[in-house]
Amino acid sequence: MERQPPVTGVVLAGGRSERFGEECKAAASFDGRPLVERVVRRVRAATRRRPIVAAGPRDKRAAVDRVLSDADPVRYVADANWCNGPVAGLCAALDAVSTDHAFVCGCDMPLLSVAAVSWLIDRHVGSGADATLPVDSAGRRQPLHGVYRTSALAARCDRRLGSNSLRALVSELSVDRVDSSSVPDSLSLEASMANVNTRAELSGLRQRFAE
């Protein structure tokens, strides 16, 4: 079996999550485990490396660290100070990535699939594209469930484009778009990239998972 090239997982957990309410979204429970713990464990299993967690300011990092056990070793980075939102976490994390490729996701994806992420990584490495991004049922690229060539993404961060939009950050990258027709039937990529922004969405996913 061919060995998977080294890939570093980057988990973004520093957002303010204003639509979720006062509770730290990363620490919210799903199937008995905090969201960020589920994601960290699955990213580590898919990449076989310790993930990097961008957890924002010190108080947010403390909230995330409290729900990660000693069995979930991660490397933390603070957000970049020249931008906001997911771009701040992602660009800061890239400074700590030493591998040629990185898988990037949010901490709010409770159904993240090890098999789906591993398949995306294999496809990306063979594609030669700067980014391999799944496309959801509405035809939108999902940059927070994607695999990237580290140097290409870091070059975009180095330009400091003055935008907090992740979609703008990746807009000039060469992208391998992954739609449902190219995904093996054994994988549930749509479920893997499902994220939660509100408590209602989390409740809906809990019900879906139970069924």
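V36 is part of helix α1, which covers residues 35-47. Helices here are DSSP runs of H or I with at least four residues, strands are runs of E with at least two, and both are numbered from the N terminus. This is a predicted model: local features need pLDDT of at least 70, side-chain atom pairs count only at pLDDT 80 or more, and totals for chains, interfaces and linings use all residues. Residues are numbered from 1 along each chain as its sequence is written, and side-chain values use heavy atoms, with hydrogens and water left out.

V36 has 0% relative accessibility, so it counts as buried. Buried means under 20% relative accessible area, exposed means over 50%, and partly exposed lies in between (1.4 Å probe, protein chains only). Beyond its neighbours within four places in sequence, V36 is in contact with A13, A26, V64, V67, L68 and C107. Contact means heavy atoms within 4.5 Å. S180 is 144 residues from V36 along the chain, and their C-alpha atoms are 26 Å apart.

Now helix α5. Its residues are 150-158, and the buried ones are T150, A152, L153, A154, R156 and C157.

After α5 comes R160, with a positive phi near 45 degrees.

Two packed helices are described by the angle between their axes and the distance between the axes. The axes of α3 and α5 cross at roughly 125 degrees and come within 10 Å. That makes α3 oblique to α5. Axes are lines fitted to C-alpha atoms, for helices over the stretch in contact, and angles run from 0 to 180 degrees between N-to-C directions. Under 35 degrees counts as roughly parallel, over 145 as roughly antiparallel, 65 to 115 as roughly perpendicular, and the rest as oblique. From α3, the contact uses L90, C91 and L94; from α5, it uses T150, L153, A154 and C157.

Last, the whole protein. It has eight helices and nine strands. The radius of gyration, taken over C-alpha atoms, is set against a globule rule of 2.2 Å times the number of residues to the power 0.38. The protein's value is 16 Å, close to the 17 Å that the rule gives for 211 residues, so it is as compact as a globular protein of that length. The C-alpha trace spans about 40 × 40 × 35 Å along its principal axes. Of the 211 residues, 50% count as buried.
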